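Grab a pencil and work through a few exercises. Try each task yourself before you read the solution.

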Amino acid sequence: MESKRIRKLKSKLISSLPTFPNNRDTKSILEAKHLTDLLTIYLGWKLRHITPRHRTVIVQDTLYDPHNSLNSAEFSILKEKIENGEDLIQYLSLKAQKQGYTPASSQLSSDKWSDKDFLLNVMGFHHLHFKPLPERTDNVVFARVTRNNFEVVGVFNHDVFDVPEQMGEPLNSERQKLWEIFDSFSMQGTAPNSIFVPSPISLSAHTFQVVTLAIEYVRVIKELDPKLDDGEYIKLLYSKTDATLPSKPKLEWVIRGTDIGICDKESNVYMTLRYGIN
């Protein structure tokens with residue numbers, strides 16, 4: 001039996017996910033999922049976002065920027081926001097905000113990428129517009145985003161998202177260049193003639209990083225949830241903070257960005273247990 005805390009966590013994850021179609025049937029499908037699967041879906045969606053935190057902007061030596069867009073006033077503004085740790089959601093694709101999950105992606109006969117960013121999952125590159133919503137620019141900046149860095153790899157126009165209609169047809173120049181950059185990143189540090197898998201993807205089209213993170217979070221929840229009613233364990237948790245232990249703590253599971261932690265509603269204290277992706 002799931003505890004009230006776990007049921008509340010699942011309810012919060014489901015209510016946060018933008019679904020399409022957004023109806024009772026879709027919600028029922030999510031409610032029936034195992035916590036591991038639900039976390040995989042949720043973290044896969046959050047992977048499309050960039051958690052607000054201070055980052056160093058690094059321009060890679062392999063930069064592709066045929067129109068010198070990084071010297072524009074628009075990028076200077078974006079760069080400042082990145083370095084200041086501001087929320088970048090308005091610079092991302094609308095799909096990142098509105099398409100978190102669709103039941104169609106779980107069916108064997110359908111397109112598993114309908115609620116995922118193919119280039120992000122396969123290459124690990126986020127893409128941002130140079131201007132926030134509701135404005136949009138034809139060019140987008142691609143970057144590898146870590147918890148500390150924003151590594152710019154190139155600036156491309158929207159042709160980079162076009163795929164050939166038929167198997168075997170050549171890629172357009174923008175998409176071809178992005179693949180070349182990805183290959184150069186993937187092969188860094190590999191020995192000559194070695195075999196490697198640059199970006200393993202699960203059968204659900206989620207990255208292995210997301211899947212393994214979801215599995216780890218469920219392990220943490222199952223291990224620690226029974227202890228969250230133990231007064232001595234709660235004292236131990238609070239001993240690692242500067243906060244005062246309230247007389248009646250009210251602990252909840254919380255996912256912030258892609259990190260998992262425990263929040264005490266009584267004292268408004270948040271304790272991170274595991275760090276996520278970015």
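Residues are numbered from 1 along each chain as its sequence is written, and side-chain values use heavy atoms, with hydrogens and water left out. Since the model is predicted, local features need pLDDT of at least 70 and side-chain atom pairs count only at pLDDT 80 or more, while totals for chains, interfaces and linings use all residues.

**Exercise 1: a sheet and a helix**

Task: work out which order the strands of the open sheet of 4 strands take, and find the helix that lies across E1, E2, E3 and E4.

Solution: 
- Two strands pair if DSSP finds at least two bridges between them.
- Now read off the order, which is E1-E4-E3-E2, with mixed pairing. At the edges sit strand E1 (56–64) and strand E2 (126–129), each pairing on one side only.
- (Axes are lines fitted to C-alpha atoms, for helices over the stretch in contact, and angles run from 0 to 180 degrees between N-to-C directions.)
- Zoom in on strand E3 (residues 140–145) and strand E4 (residues 149–156), which pair in the antiparallel sense over 6 bridges. There, Val 145 faces Phe 150 in E4.
- Finally, the helix is H4 (residues 73–84), running at about 130° to E1.

**Exercise 2: a hairpin**

Task: find how many bridges join strand E6 to E7, and which residue is the bridge partner of Ile 262.

Solution: 
- Strand E6 (residues 259–264) and E7 run antiparallel, joined by 5 bridges.
- Ile 262 has Met 271, in E7, as its bridge partner.
- Between the strands of this hairpin there are 4 residues, and Asn 268 takes a positive phi near 60°.

**Exercise 3: one asparagine**

Task: decide whether Asn 278 is buried or exposed, and list what Asn 278 is in contact with.

Solution: 
- Locate Asn 278 in the segment after strand E7 (269–274).
- Asn 278 counts as buried because its relative accessibility is 2%. (Buried means under 20% relative accessible area, exposed over 50%, partly exposed in between, with a 1.4 Å probe and protein chains only.)
- Leave aside neighbours within four places in sequence, and the contacts (heavy atoms within 4.5 Å) include His 49, Arg 53, His 126, Val 145 and Thr 258.

**Exercise 4: charged pairs**

Task: find how many salt bridges the structure holds, and inspect a few of them.

Solution: 
- Side chains of opposite charge can pair when their charged atoms come close. Here a salt bridge is a side-chain nitrogen of Lys or Arg within 4 Å of a carboxyl oxygen of Asp or Glu.
- The count is 20.
- Lys 10 bridges to Glu 2, with the closest N and O atoms 3.4 Å apart. Lys 10 is buried at 10%, whereas Glu 2 is partly exposed at 32%.
- Back in helix H4, Lys 79 and Glu 83 are 4 residues apart, about one turn. Their closest N and O atoms are 2.6 Å apart.
- Some salt bridges join up: Lys 8, Lys 12, Glu 252 and Lys 265 are linked in a network.

Technical notes: Helices (H or I, at least four residues) and strands (E, at least two) are DSSP runs, numbered from the N terminus.
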